[in-house]
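User: Please show me how to read a few local features in this model. I would like the general idea each time, then the case at hand.

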Amino acid sequence: MAELAALEDPKARKVNEKHGDDHGVNLGKLRALAKRLKTQQELARRLWETDDTAAKLLATLICRPKAFERDELDAMLREARTPKVHDWLVNYVVKKSAHAEELRLAWFADSDPVVASAGWALTTERVAKKPEGLDLAGLLDVIEAEMKDAPDRLQWAMNSCLAQIGISHAEHRAHALDIGERLEVLKDYPTPPNCTSPFAPIWITEMVRRQHDE
């Protein structure tokens, strides 16, 4: 904790707080610290329990994902608080856990939109890597009906799923593009130069173009 406190940078905190993340640690330095510590499951658990955002981020990098029980991961997601901790927990821990599919189904149907967004993130992973058994047309119907008025983080996760269906599954591409064009979600999202817009029609078209170029 003392080392993390020493890495605190007021400028980094100011930038992070704009995104809802209450920490001021440069993520490159955090990753370097994690690399030095290597995997330490007990330390990861204790860091998580501090409820300090930087400590929780470090915990996701040094834990052993397969060591967590299903209910433990469910509780951790609900305690994640900030977007970055939520994101790293889902991507670095839950996705590598034996409980990922069970949690995907439970979270997908959760009444808390932030928890539901984790279910959608895990669904997007399956759309890309293991779509067998998923009802892609059904997912598009839910996105079409609910994405426009969904809270920010849930909307972002649904939009990512929409884009991934369009990118990975040619047979659903026209429908995905049509939904994106009509709903106009994230159409005006400020996108830095050399970055792809999160507006689904632009995102899908660009990624498909790159696949063809390869």
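Analyst: Take the second largest pocket, whose volume is about 220 Å³. On a 1 Å grid over the protein atoms alone, a pocket is an open set of points where a 1.4 Å probe fits, with protein on both sides within 12 Å along at least five of seven lines, whereas in a cavity the probe cannot get out; lining residues have an atom within 4 Å of a point. Points are joined across faces, edges and corners, and the volume is the space filled by probe spheres set on them. The model is predicted, so local features need pLDDT of at least 70 and side-chain atom pairs count only at pLDDT 80 or more, while totals for chains, interfaces and linings use all residues. Residues are numbered from 1 along each chain as its sequence is written, and side-chain values use heavy atoms, with hydrogens and water left out.

User: Which residues line the second largest pocket?

Analyst: Its lining consists of Lys95, Lys96, Ser97, Ala100, Glu101, Arg104, Leu122, Glu125, Arg126, Lys129 and Lys130. Helices here (H or I, at least four residues) are DSSP runs numbered from the N terminus, as are strands (E, at least two). H8 and H9 are the elements that give two or more residues to this lining, and H9 supplies the largest share, four residues.

User: What is the volume of the largest pocket, and which residues lie nearest its centre?

Analyst: The largest pocket holds about 1200 Å³ of space. Its lining has 34 residues, and Pro83, Lys84, Asp87, Arg153 and Trp156 lie nearest the centre. Helix H2 (10-18), H7, H9 and helix H11 (152-168) each give two or more residues to that lining. The lining of the largest pocket divides into 15 nonpolar, 11 polar and eight charged residues.

User: How many aromatic pairs are there?

Analyst: A pair of aromatic rings is described by the distance of the centres and the angle of the planes. Rings of Phe, Tyr and Trp (its six-membered ring) pair if their centres lie within 6.5 Å; planes under 30 degrees apart are stacked, over 60 edge-to-face, and the rest tilted. That rule gives three aromatic pairs. One of them joins Trp88 and Tyr92, which is tilted because the centres are 5.3 Å apart and the planes stand at 50 degrees. Both residues belong to helix H7 (residues 83-93), and being four residues apart, they are separated by about one helical turn.

User: Is Trp88 buried or exposed?

Analyst: Buried means under 20% relative accessible area, exposed over 50%, and partly exposed in between (1.4 Å probe, protein chains only). Trp88 is buried, at 3%, and Tyr92 is partly exposed, at 24%. Another tilted pair is Phe108 with Trp120, at 4.6 Å centre to centre and 35 degrees between the planes. This pair links distant parts of the chain, 12 residues apart: Phe108 is in helix H8 (residues 100-108) and Trp120 in helix H9 (residues 113-129). Phe108 is partly exposed, with a relative accessible area of 27%, whereas Trp120 is buried, at 2%.

User: Which residue lies over the face of Trp48?

Analyst: A charge sits over a ring if NZ of Lys or CZ of Arg is within 6 Å of the ring centre and within 35 degrees of the ring normal. Here Lys56 lies over the face of Trp48, at 4.6 Å from the ring centre. Lys56 is among the buried residues of H5.

User: Why is helix H5 described as largely enclosed?

Analyst: Nine of the 10 residues of helix H5 (residues 53-62) are buried, so the rest of the structure largely encloses the helix. Contact means heavy atoms within 4.5 Å. The buried residues of H5 pack against helix H1 (2-6), helix H3 (27-37), helix H4 (41-49), helix H6 (70-79) and H7.

User: Where is Arg81 found?

Analyst: Arg81 is in the loop between H6 and H7. Its phi is positive, about 65 degrees, although Arg81 is not a glycine. Arg81 is partly exposed, with a relative accessible area of 42%. Leu186, also not a glycine, has a positive phi near 65 degrees, and lies in the loop between helix H12 (170-183) and helix H13 (200-213). Leu186 counts as buried, at 17% relative accessibility.

Note on methods:
Ala, Val, Leu, Ile, Met, Phe, Trp, Tyr, Cys and Pro count as nonpolar, Asp, Glu, Lys and Arg as charged, and the others, Gly among them, as polar.
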